[in-house]
Amino acid sequence: MSKVDRRILKSQEAIKKAVIELMSEKNFDQITIQEISDRANVSRRTIYLHYLDKFDLLDKLIEEHINELKDLAESASDMDFIDGNLIWFEYFENHYLFFSTMLASKGAPSFRRQFLEFVIEGLKGEINGTEGKNHGINEEIVLRFIAGAYVELVEWWFMNGMPYTSQMMAEQVGILIERIV
């Protein structure tokens, strides 16, 4: 595996941070490459070396976080819902600016949709509609119900300034999911 130059990584991180900060201030459609360049303290050319345009930048940023959540989900696959949720809520908390901006931003509705679909995929296999308390309930409906509630709760947590610790959120959400699943 080849090493990536630290300067390249530093520039990419500055660019990603700049676009998130700008999105927390204004609609994504109003943000220009020049503004991203100025905020990141890099040239426009540097941005175009790494990204086709601001949409590509946003897509790659979203993809990066969704992939990280997938990795976390895999590592939590043998855990109960409380411990598995704790890993996620700690990740959300550590990446507060990204998640709070993406969930609040009118310029990135695709993130909420991708996040919802990701949560649905993660819950597949956990729901059994053939026996137990979910017997006779359509699996797709149960999945969308739980995932929709989960995304809404994460969104609420950020919009309200994370009024509860990630530990408390993980415990409460884990208990609720266990009651439904």
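Tutor: A term is needed before the pairs: a residue is called buried under 20% relative accessible area, exposed over 50%, and partly exposed in between. The model is a predicted one. Glu-64 has a relative accessible area of 36%, so Glu-64 is partly exposed. The side chain of Glu-64 makes a salt bridge with that of Lys-16, at 2.6 Å from N to O. Glu-64 belongs to helix H4 (residues 54-75) and Lys-16 to helix H1 (residues 6-25), so this pair ties together parts that are 48 residues apart in sequence. Lys-16 has a relative accessibility of 11% and therefore counts as buried.

Helix H1 also holds Glu-21 and Lys-17, which are four residues apart and so separated by about one helical turn. These two form a salt bridge, with 3.2 Å between the closest N and O atoms. Glu-21 has another partner, Arg-39, and here the closest N and O atoms are 3.3 Å apart. Because Glu-21 lies in helix H1 and Arg-39 in helix H2 (residues 33-40), the pair ties together parts that are 18 residues apart in sequence. Arg-39 is partly exposed, at 35% relative accessibility.

These contacts belong to a network: salt bridges link Lys-17, Glu-21, Glu-25 and Arg-39. For the model, the count comes to 12 salt bridges, among them the pair Glu-64 and Lys-16.

Methods:
Residues numbered from 1 in each chain as written. Predicted model: local features only at pLDDT ≥ 70, side-chain atom pairs only at ≥ 80, totals over all residues. Heavy atoms only, no water. Salt bridge = Lys/Arg side-chain N within 4 Å of Asp/Glu carboxyl O. Helix = DSSP H or I, 4+ residues; strand = E, 2+ residues; numbered from the N terminus. Buried < 20%, exposed > 50% of the residue type's maximum accessible area, 1.4 Å probe, protein only.
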